[in-house]
2 protein chains.
Amino acid sequence: MAISKKIKASISQSSMIRRMFEQGVELKKKFGADKVYDFSLGNPNLPPPEAFKNELIGLIREEIPFKHGYPPNAGIAEVRQAVADKISKTTGLKMEAGHIVMSCGAGGALNVILKALLDPGDEVVVPVPYFVEYAFYVENYGGVLTKAKTAEDFSLDISSMAGAITGRTKAVIINSPNNPTGRVYAENEITALAKLLAQKGREYGKTIYLISDEPYAEIVFDGIKVPSVLKAYPDSILAYSYSKTLSVPGERIGYIAVNPAIDESSDLIDAIILCTRISGFVNAPALMQRVIARLQDTKVDVEVYQKKRDLLCGGLSKAGYQFALPQGAFYLFVKSPLADDVKFTEKLIEQNILAVPGSGFGAPGYFRIAYCVDDKVIAGSMEGFAAAIRECV
Amino acid sequence: MAISKKIKASISQSSMIRRMFEQGVELKKKFGADKVYDFSLGNPNLPPPEAFKNELIGLIREEIPFKHGYPPNAGIAEVRQAVADKISKTTGLKMEAGHIVMSCGAGGALNVILKALLDPGDEVVVPVPYFVEYAFYVENYGGVLTKAKTAEDFSLDISSMAGAITGRTKAVIINSPNNPTGRVYAENEITALAKLLAQKGREYGKTIYLISDEPYAEIVFDGIKVPSVLKAYPDSILAYSYSKTLSVPGERIGYIAVNPAIDESSDLIDAIILCTRISGFVNAPALMQRVIARLQDTKVDVEVYQKKRDLLCGGLSKAGYQFALPQGAFYLFVKSPLADDVKFTEKLIEQNILAVPGSGFGAPGYFRIAYCVDDKVIAGSMEGFAAAIRECV
């Protein structure tokens, strides 16, 4: 066998999560799917809003020339315009269609942005814990992922960010609301980060880009708003996905928004469009582009997630678990009652509960619960969670 | 500005085609779109078959749990099964769902395959002329594209292929029916190539993979059949797309089929699945996966393309142009009446005709006509084609 050495190494690294997944499959076979409490995947359980279905059927029936044909690599002109208009309305910035490139979800967006930016050896800083795929995305283009600590409540630790930035730093990726913590970075954190990046940029005589990965931007609780990174920092780039906003993660539709304030932003946009093409994405799926253009003000019922959060957090708190209350997304990052988080998730498996060790997100000593599941999964798991922690104290 | 050096270089290389595209836009503005004969893009003008629309609406109405949710990275199990069944039926091989990975079109498929296979410096051989994107796809993973000549009629030149293979060769990419020539490699050519790769593999003590890029496999004329590469060579991998079969290139749906005869094929499949995930594709668009599973025996009316070929070839032949008659796809690769093909396409532009210089496909001295256009574009262009060649003789 002769697969790429790099990929061979990556496969053996990912085997822990894979083993867990396989254990889950085994459990479900043995006890029945309804007896297993699967919190391992961020696959939203809410169906898409009814408007999604209706607009989709409308579009399929409409006569549109080359409806399913190749759109421009950057996306369909009217779709880019609809996205730009929405951002302009929300932020007060003057975004134009030309600043938007439609993407295959946020995963596609991030890969295209990083390919456009990185030279081998360039560093990309992320606050820990971080979405595990970032390590691959950065490595895909020869970049090096470097890590900064966050505070106890997972807010940004600016001095740790400062310490992680070097002369090789090309970009910082933030993800707010955060996977796996559910943390939303507050306005003052974003402002402080922007100030730091501007100052470090001057110090090193280069631009440090702020890439904001925002698939959960619309999934926020208690009236909180996600501050606009585009407004806070000129050299910023947004990676957005409709996966969670509309509960359509399988359809791979999102966009990249390039801050008009970026120096020679049209060069960067040209690079992003070329990378969309040559990476094999070619374009974001055409029908999904058209449908999201008509659903700019539509989203799933976020209150449902908020109630799930409250149900879960109430129960776990009573059982003695410690965590910072999530402000968005549908993840809870819980302190592991055992120092060894992998061992504790194994204890949870004995209770038919599947959760992901914090080690998978660069943060040992925690575990992640994805609570985008039916309420009865949450309710049914409580006894098991209580039993598992009892064994540890 | 600080975009990646590699990408900066690629942008300036692609500027020729871009300039042409812009000239086309100018022409259409000046003379009206109906007075410009645009043969530059392979964007099929046939609408998708009616069944595509009907199945799509049916699927949108059906109750399917997690219909638009994340499917497994490899694709939806039933969809992989439907594809495997179709290949088994057509080839007589025993393909299983596990040998299939759904992809974002053939572009996505090729990138994922190459990422799974290539180590930096590995060589990939292509017969010339070749689809221009291959150079990017190979380079994305640090590979080196090497070229082999073809015969006058664009059939495979086995001794030139032999000369191009070295100890660093990891794979050969063929594309049949071919873009830009419309050539379908005959059974004996494929057999000879398979024999060569097996022999060279023994000689160098390694496996040389044959990657067959087949988006045009169903677009063939005069009763010709595309021979099965999977049957001819054990170490073969298929990259397929429904883009042209169903006229849906904007929807990015295709698959990878790994030959079950490959040594430790499950390692390769695991690598391909991981690469689908970490490249940011994550999965092929979910709704499109489901719809193609129901359309395994559906395709556009290929006779329409055959008639376009005949209309175009008849007219150009009368005007004095020289070419090999295409057996499939919807491209004609014509000998340039001037040695300088770029100069000749500029002459065509004076006649409001847009075609792509052969230099873009590694074959100077030719130009490509994409005839997936309305018959009246073909008919209307004939005078201009005749005038352009008259100026050269």
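**Figure 1. Chain A of this predicted model holds 14 helices and 12 strands.** The radius of gyration of chain A is 21 Å. The globule rule gives 21 Å for 393 residues, so chain A is as compact as a globular protein of that length. Along its principal axes, the C-alpha trace spans about 60 × 55 × 55 Å.

**Figure 2. Burial and contacts in chain A.** Of the 393 residues of chain A, 53% count as buried. Now take the contacts in chain A with a separation of 6 or more. Residues 24 or more positions apart make up 73% of these contacts.

**Figure 3. Three strands of chain A form an open sheet.** The strand order is β9-β12-β11, and the pairing is antiparallel. Which strands stand at the edges? They are β9 (331–335) and β11 (356–357) of chain A. Each edge strand has a single partner strand, so one side of each is left without a neighbour in the sheet.

**Figure 4. A close-up of β11 and β12 in chain A shows an antiparallel pair.** Strand β12 covers residues 366–370. How many bridges join β11(A) and β12(A)? The two strands pair over 2 bridges. Look for A:P357 here: its bridge partner in β12(A) is A:F367.

**Figure 5. Helix α13 of chain A lies across two strands of chain A, β11 and β12.** The helix covers residues 341–350. At what angle does α13 run to β12(A)? The angle is about 45 degrees.

Technical notes. Residues numbered from 1 in each chain as written. Chains lettered and ligands numbered in written order. Predicted model: local features only at pLDDT ≥ 70, side-chain atom pairs only at ≥ 80, totals over all residues. Helix = DSSP H or I, 4+ residues; strand = E, 2+ residues; numbered from the N terminus. Rg over C-alpha atoms; globule rule 2.2 N^0.38 Å. Buried ≥ 20, exposed ≤ 12 C-beta atoms within 10 Å, placed from the backbone. Contact = placed C-beta atoms within 7 Å. Pairing = 2+ DSSP bridges. Axes fitted to C-alpha atoms, helices over the stretch in contact; angles between N-to-C directions.
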